[in-house]
Amino acid sequence: MTKRGRQQGELEQLILDSLWDAPSALSSQQLLEVISPDGDLALTTVLTVLSRLTEKGLVNREPGSGRSLLFSPAQTREQHAADAMLKMVSGAGNPALAFSHFASGLSESDLAALRKSLER
């Protein structure tokens, strides 16, 4: 992966994390202040990433006051993580083996929580 691609993915994750942590939808300017308080990022960069995240269905965009737009996550952090895990497992040649390797990396409390959720 190129440095630019890696940085783009990191910026997408930073924006998603900031939106998940926010108590309500944020404008692009508010988001810029959260993710780049030192002013290293340009607003146009944030707007580009927000546009891509919206196209991917990961961020919702709605009208704000005046000409501003408000952005919020399209799903919870947990739903996003579950979708990512499902995509990875579906791409594995042997899903059972992938699940086995995944489970071997879990703590005892995480395993107990997984067992409990599977019993429902």
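Trainee: Which residue in β3 is the bridge partner of leucine 26?

Mentor: In this model, which is a predicted one, leucine 26 has phenylalanine 71 as its bridge partner in β3. That bridge belongs to the antiparallel pairing of strand β1, residues 26-27, with strand β3, residues 69-73, which runs over two bridges.

Trainee: And how many bridges join β2 and β3?

Mentor: Strand β2, which covers residues 59-63, pairs with β3 over five bridges, in the antiparallel sense. Glutamate 62 stands opposite leucine 70 of β3, and in the hairpin that β2 and β3 make, with five residues between the strands, glycine 66 takes a positive phi near 65°.

Trainee: Switching to the inside, how many residues are in the largest nonpolar core?

Mentor: That core has 17 residues, and among those with the most contacts inside it are Ile15, Leu19, Val46 and Val59. The elements that give two or more residues to it are α1 (3-21), α2 (28-35) and α3 (43-55), and α1 gives the most, with five residues.

Trainee: What does leucine 19 touch?

Mentor: Not counting residues up to four places away in sequence, leucine 19 touches Leu26, Leu31, Leu50, Val59, Phe71, Ser72 and Pro73.

Trainee: What about tryptophan 20, is that buried or exposed?

Mentor: Tryptophan 20, which is found in helix α1, is buried, because its relative accessible area is 17% and buried means under 20%. Leaving aside neighbours within four places in sequence, tryptophan 20 is in contact with several residues, including Gln13, Pro73, Arg77 and His80. A polar atom of its side chain also lies 2.8 Å from the backbone oxygen of glutamine 75.

Trainee: How many salt bridges does a search of the whole structure find?

Mentor: The search finds three. In one of them, lysine 56 pairs with glutamate 12, with the closest N and O atoms 3.0 Å apart. This pair links distant parts of the chain, since lysine 56 sits in the loop between α3 and β2 and glutamate 12 in helix α1, 44 residues apart. Lysine 56 counts as exposed at 51% relative accessibility, whereas glutamate 12 is buried, with a relative accessible area of 12%.

Trainee: Which residues are linked in a network of salt bridges?

Mentor: Those are Asp17, Asp21 and Arg77. Arginine 77 forms a salt bridge with aspartate 17, where the closest N and O atoms are 3.9 Å apart; arginine 77 lies in helix α4 (residues 77-90) and aspartate 17 in helix α1, so the pair ties together parts that are 60 residues apart in sequence. Arginine 77 also forms a salt bridge with aspartate 21, with the closest N and O atoms 2.9 Å apart.

How values were computed:
Residues are numbered from 1 along each chain as its sequence is written. This is a predicted model: local features need pLDDT of at least 70, side-chain atom pairs count only at pLDDT 80 or more; totals for chains, interfaces and linings use all residues. Side-chain values use heavy atoms; hydrogens and water are left out. Two strands pair if DSSP finds at least two bridges between them. Helices (H or I, at least four residues) and strands (E, at least two) are DSSP runs, numbered from the N terminus. A nonpolar core is a set of buried Ala, Val, Leu, Ile, Met, Phe, Trp, Tyr and Cys residues joined through side-chain atoms within 4.5 Å. Buried means under 20% relative accessible area, exposed over 50%, partly exposed in between (1.4 Å probe, protein chains only). Contact means heavy atoms within 4.5 Å. A polar contact is a pair of N or O atoms within 3.5 Å; within protein, one must be able to donate a hydrogen and the other to accept it, and residues adjacent in sequence count only if both atoms are side-chain atoms. A salt bridge is a side-chain nitrogen of Lys or Arg within 4 Å of a carboxyl oxygen of Asp or Glu.
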